[in-house]
Amino acid sequence: MANPSRLIVRSGLVLNPGDGVAKPHDILVIDGRIAEVGPHGMEAPPDAAVIDASDRIVHPGLVNAHTHGHGHYSRGVTDDVTLELLLAAGPWLTGQRSREDKYLSTAIGAAEMVLKGCTACYDMFLELPVPTLDGLTAAAQAYSDVGMRAVLAPMVADHPFFHAIPGLYDALPDNLRREVDALTSPDGEVVLKRIKEIARSWPFAQDDIPLAMGPTVPLLCTDAFMNGCVALAREHGMMIQTHLSESKVQEVAAQRRYGMSLTEHLARLGVLGPDLSAAHGVWLSDGDMMRLADEGVSVVLNVASNMRLGSGLPQMRRLLDEGVNVAVGTDSSSCCDNQNMYEATRLAAYTSHLFSNDYRQWVTSREAAHAATEGSARALGMPNIGRIDRGYYADLVFLDLGAVHYLPLRNVLNQVVQAEDSTAVRDVMINGRWVVRDRKLLTLDIGRLRPRVGEAIARLDALTATHRAIFRQMQPIVGSYCAGLSATRHHVHRFAGIAPTT
């Protein structure tokens, strides 16, 4: 009789992105970990279950290094917001959430990710007004129920958005200032005390769903609060993630507020280190990149979100050349609209083509795929995922070689990066356990989620209608003011087109 804790994957085309080539190999899995990778026909325990992968590409599960579980409810709501407008819309898009809403929103994203070949993610999860153990465990339970790994970081701040952008509050008319005044930011000490209590009682395993720290945007955090977040994270051995240099507005505001870049400011505070991942990094200067590389900080690229929000285009080639560990993320469904890591990886590579027609400066398929697996795993602080090798967790994706985009099959790595759109994902295994089989999610019934989500959205739309109306009043004012800031001359240029000279 086969032992369910032992299995042998036979004859798959095994692809490790860091190696750049796919080889016909067998994979022996014992107790959820890869025990051996070897040539077809290698020895295996007689009681091991046999999985025929002879018509499959087998690659390590993709790792989404930046997403937001709370944001999947907001898919398709609007197509007319910049990053700053998205932040201003927070009470409308994220307010009035129940525990079930937090669970369902996260479950939607988790289900989409695993069905599209992603087996782990870094989730900066927002609760208003402050994080709660109840809400965070609801999100974590969603990941656990779907069967994927997740680093869960409560996204927190203590400085109001409308006061973080110089002059923005003053640009509002009196009636909208009163609305802003009603949205008070939480006390930083209260938030830190709450997270400390959550960390002490966190019920999920560190290898599966560890807790992390998510000081959201440096401009939205006072120095004391940012220092408190970092100290607390390091006291409890937690990873840290923040949004860094995502938009030009942020860097212009940093120059006015600190007299230096956001990276320089974080360096001055002692925030930089290998436990920190910086989402986006669009407006980093060359000096910023060098500093991040020296400190071991990971930079997570989210190109689809940057394009959707008009934030500009990151320079992956420069980051890699400076020695930065580069990871890949999708960002939230509210500003990317899907959780497809194949698309995110391809866009990360292709964006480099926009900066030069010298192909030697382009990001290769191998570099992009490495960023979406081992690079992202490093950003998550999970060294035992992202690769098919002895001692790694058996987080495996099986692609159907019968898919039309593998006809003809010429270069497996290139075709996975350049052509895969998730439609060839046939099976997904996490920790040696089937999560997707024959394109069907085994762990959660999506059909049963549908009516619950529909009822929740109808309820939330009614509850947040006032906030939506207030946002629409603010939108032209905030949008035009931030566009003006973004037109300010700056030494870094990350928009498409020719850099301004005046």
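Start by selecting Pro 408, which sits in the loop between strand 14 (396-400) and helix 17 (412-418). Helices (H or I, at least four residues) and strands (E, at least two) are DSSP runs, numbered from the N terminus. Show the backbone here: the peptide bond from Leu 407 to Pro 408 is cis, with omega near 0°.

Before moving on, a word about what is on screen. This is a predicted model, where local features need pLDDT of at least 70 and side-chain atom pairs count only at pLDDT 80 or more, while totals for chains, interfaces and linings use all residues. Residues are numbered from 1 along each chain as its sequence is written, and side-chain values use heavy atoms, with hydrogens and water left out.

Which loop holds Pro 129? Look between strand 7 (118-125) and helix 4 (133-146). The bond leading from Leu 128 into Pro 129 is cis, with omega near 5°.

**Two aspartates with positive phi**

Now select Asp 31, in the loop between strand 2 (22-30) and strand 3 (33-39). Its phi is near 55°, a positive value in a residue other than glycine. Is Asp 31 buried or exposed? Asp 31 is exposed, at a relative accessible area of 57%; buried means under 20%, exposed over 50%, and partly exposed in between (1.4 Å probe, protein chains only).

Next comes Asp 438, in the loop between strand 16 (433-437) and strand 17 (440-441). Phi of Asp 438 is near 50°, again positive in a residue other than glycine.

Select Asn 340, placed in the loop between strand 13 (325-328) and helix 15 (341-350). Asn 340 is buried, with a relative accessible area of 8%. Leaving out residues up to four places away in sequence, Asn 340 touches Glu 112, Lys 116, Thr 330, Asp 421 and Ser 422; contact means heavy atoms within 4.5 Å.

Then go to Ser 486, in helix 19 (residues 465-486). Ser 486 is buried too, with a relative accessible area of 15%. What does Ser 486 touch, not counting residues up to four places away in sequence? Its partners are Lys 248, Val 249 and Phe 495.

**Into the core**

Select Ile 57, Tyr 143, Met 148, Phe 162, Trp 202 and Leu 399: these have the most contacts inside the largest nonpolar core, which has 133 residues. Such a core is a set of buried Ala, Val, Leu, Ile, Met, Phe, Trp, Tyr and Cys residues joined through side-chain atoms within 4.5 Å. Apart from this core lies another, of 19 residues, including Val 151, Met 155, Met 239 and Ile 385. Zoom in on Phe 162, which touches Ala 88, Leu 168, Tyr 169, Leu 172, Val 180, Met 474 and Val 478, not counting residues up to four places away in sequence.

**Zoom out**

Finally, show the whole protein chain, with its 19 helices and 17 strands. The radius of gyration is 22 Å, close to the 23 Å that the globule rule gives for 502 residues, so the chain is as compact as a globular protein of that length. This radius is taken over C-alpha atoms, and the rule is 2.2 Å times the number of residues to the power 0.38. Colour by burial, and buried residues make up 59% of the 502.
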